Amino acid sequence: MNKSTNSQNHPLELWGGLECTVNRVQDEYFSQLDRNGHTDRPCDIARFAALGIRAIRYPILWERTAPDGLEHASWHWPDERLNALRDAGVTPIAGLVHHGSGPRHTSLVDPAFAQELADYAGAVAVRYPWLEYYTPVNEICTTARFAGLYGVWYPHGRDDRTFIQALFNQCRATVLAMRAIRAVNPDAKLIQTDDLGKTYSTPELSEIADFYNERRWLGWDLLCGKVGPEHPLWHYLLRSSFEAAEILWFRENPCPPDIIGCNYYVTSERWLDHRPERYPAHHRGMADGIPCADVEASRVLATPTPGIAPLLLEIWERYGIPLAITEAHIDANREDQMRWLLEIWEAAQQSRANGVDVRAVTVWALLGSFDWNCLVTANRGYYEPGPLDVRSPLPRPTALAAMMTELAAGTPLSHPVLRAQGWWRRPGRFVCQPVATPDALTSIAADGHRLVGSSAAPILILGATGTLGRAFARICEKRNLAHRLLSRQDMDIADAESVERALARYKPWAVINTCGYVRVDDAERELERCMRENTVGAATLAAACAQHGIHLTTFSSDLVFDGSNERPYVESDPVAPLGVYGRSKAEAERVVLLNHPGALVVRTSAFFGPWDGHNFVTQALAALERGDSFVAASDLTVSPTFVPDLVHACLDLAVDREAGIWHLANQGELTWADLARRAADLAGIDAGRLEALPAEEFGFTAPRPRYCALTSERGALLPSLDDALRRYVDLRNADRDERRELEAEAERRQDVAGGDSRVEAEDVEAVQSGA
């Protein structure tokens, strides 16, 4: 095989990919294009082009275009989209089957599958003779494993024969499809993708690991005509009741890829361990009849693997065919998505310098993806954002999109969060006692990308004595975001000189302001202090941040509304506060955005979380579990907010440098009394001593809006309330010692249950308007 490379004659290209799976589980189909909205949104093409990509893996899917046969094919959608891509200067790589099994009448083990897909491929080529690049079947070997060996996808096989039948069918379909395409366009090129994985193991499972590492090549080996009696898996294929002639057909009809597409995920490198008891239950299973654990290598090995670069060298040495990284994605917080992409981009550049012909890196998936955490076997609504976040009315560019434009233009990467390691290289990644890394891997540096270790500007978190400020610091630590947690003594936001001194000292790229006056009833008689801390301070801080080009996140409240709505409030609803506290927040919103149009103002409400003892839900459960009575308002409706969800969403938005007003609350609405009852039910606590009373019986000084549920017209970023409450209860039960501390704190603050939150002035989330 010719291994000459001309990679130095052209720059590394940036490509994009669109998650488009139409996956069948039993008789139910899961369509990513419908769920991400691209089906009905042709304006996405311009968004893709704006990212700077040169090519895009784009779906012309068989099961969508011709589900009832070619004579009934509908070409309107691909006509529109392919021509738009061509006009935008983005080269389509046509995908015909993507983790699918074809139309309903066929399957991966149907003898007619290959020829019918080839007929469809020929029809695509006839209609679009200018199309140059094709992937008739995505991830042949991976799809065969999940559909034929693991039983996850249709036709749900669980044996070697079904796996091999699905593998052969997809490979034959690819050969015949390219033959039909090239009959129309002789210059058409095959980009054959698959997961570029590798398995490591304890010595006791080395034979199984060796087998897995040979099996991963089978799709490419068959297409390249490399499978014959001399192949390491020849006898495995024969043992599975296949005739030699069926296997040798591929040697007689080779269809080597023009470009090999390597897909690489954090799950691509695996660790097999013969000691399953060392690992969580969901990692335990069987391999060739032997009990074992099968875990992501990054979660186990003491020194992480070097990443994709050595794997690119392996595949280059095996085939000598140009490569492209055709899927680069990780399900993670925004900064780790960016760190993952940078690490892969630099690995591709280094591989090129070492003589490996790597043509492109593909960012996957441009519109994100749904429910891949359960292998798209259920419609649970779990969303992994991409460069464009589809939870907004129109896809919203994230920081990953900005990074893509910098990569495409060859300009220096500007975001400070890139100067740290991703979670797959951090000490907290382990699911068990770390395992010594095999010597062959420890000889290669595994420090991640080149920016690691260079100085990073921090995020300043204001509100060191408050629960929300401490929650931000806790989660920044977990996410490896450089940060400083400041008290009022470190920075008094209402004092311009104090603000300037702190900004000059710490040189942050972002400020998160969680401090302010929160005593709703006391504000009625402490107007001047409330306005100083909530309005003057916020305005002063915003002006300073704007002057220095620093992103600002600050917090407002649902109490800026009067409760007259009959539907949840959105960001554009006019404010009409009933009391001093609400007026201070409404005025703060105005002056912050006047002084700093790039600031993010987050409206939220009714906080609960696992890390403090004075929030409403924690107090309610502690009292009810002790058998004490607990009183809560029965006629004040709110949208409760789980603090960890809020903090993660705010950090993502800060990394994205989002601006303007945004409502962030868990999706759902209920009264304070119903909140206590719902939490008690989920925690298995008797709510019989819960007393639900009208607000007028609490004797509040400040008026409360009867209805102030929040939703967002900009994008509902937080999960449902029920989901959040379940996770809260899980965390509450996880650490009994911490739980006892929270209960003791709740006892000390029993007076808060009456509704007047007497907590630190910086504790913004302690506003309990109806507790």
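Is D371 buried or exposed? With a relative accessibility of 0%, D371 counts as buried, where buried means under 20% relative accessible area, exposed means over 50%, and partly exposed lies in between (1.4 Å probe, protein chains only). The model is predicted, so local features need pLDDT of at least 70, side-chain atom pairs count only at pLDDT 80 or more, and totals for chains, interfaces and linings use all residues. Residues are numbered from 1 along each chain as its sequence is written, and side-chain values use heavy atoms, with hydrogens and water left out.

D371 is found in the loop between strand 15 and strand 16 (383-384). Helices (H or I, at least four residues) and strands (E, at least two) are DSSP runs, numbered from the N terminus. The phi angle of D371 is near 60 degrees, which is a positive value in a residue other than glycine. R657 also has a phi near 60 degrees, again positive and again not in a glycine. The place of R657 is the loop between helix 21 (643-655) and strand 28 (660-663). R657 has a relative accessible area of 39% and is therefore partly exposed.

The backbone has cis peptide bonds to look at as well. One joins Y154 and P155, with omega at about 10 degrees. P155 sits in the loop between helix 6 (140-149) and helix 7 (160-184). Another cis peptide bond joins W364 and A365, where omega is about -5 degrees. A365 belongs to the loop between strand 14 (358-363) and strand 15 (369-370).

Next come the helices and how they pack. Two packed helices are described by the angle between their axes and the distance between the axes. Helix 18 (residues 527-548) and helix 19 (residues 580-595) pack at an angle of about 15 degrees, and their axes are 8 Å apart. Helix 18 is therefore roughly parallel to helix 19. The axes are lines fitted to C-alpha atoms, for helices over the stretch in contact, and angles run from 0 to 180 degrees between N-to-C directions. Angles under 35 degrees count as roughly parallel, over 145 as roughly antiparallel, 65 to 115 as roughly perpendicular and the rest as oblique.

Contact means heavy atoms within 4.5 Å. On the side of helix 18, the residues making the contact include L527, M531, A538 and A542, while those of helix 19 include V580, Y581, A588 and V591. The residues of this contact between helix 18 and helix 19 divide into 13 nonpolar, four polar and three charged. Here Ala, Val, Leu, Ile, Met, Phe, Trp, Tyr, Cys and Pro count as nonpolar, Asp, Glu, Lys and Arg as charged, and the others, Gly among them, as polar.

Charged side chains bring up another topic. Side chains of opposite charge can pair when their charged atoms come close. A salt bridge is a side-chain nitrogen of Lys or Arg within 4 Å of a carboxyl oxygen of Asp or Glu. The whole structure holds 48 salt bridges. One of them lies in helix 18, where R529 and E533 are four residues apart, about one turn of the helix. The closest N and O atoms of R529 and E533 are 3.1 Å apart. R529 counts as partly exposed because its relative accessibility is 36%, whereas E533, at 10%, counts as buried.

A further salt bridge pairs D722 with R678 at 2.5 Å, N to O. D722 lies in helix 23 (residues 721-734) and R678 in helix 22 (residues 672-683), so this pair ties together parts that are 44 residues apart in sequence. At 31% relative accessibility D722 counts as partly exposed, and so does R678 at 33%. Salt bridges that share partners join R334, D389, R391, R396, D656, E658 and R714 into one network. Within it, R396 pairs with D389, the closest N and O atoms being 3.5 Å apart. Both R396 and D389 are buried.

Q337 lies in helix 13 (residues 334-353). Its relative accessible area is 4%, so Q337 is buried. Not counting residues up to four places away in sequence, Q337 touches H329, I330, A332, P385 and L400.
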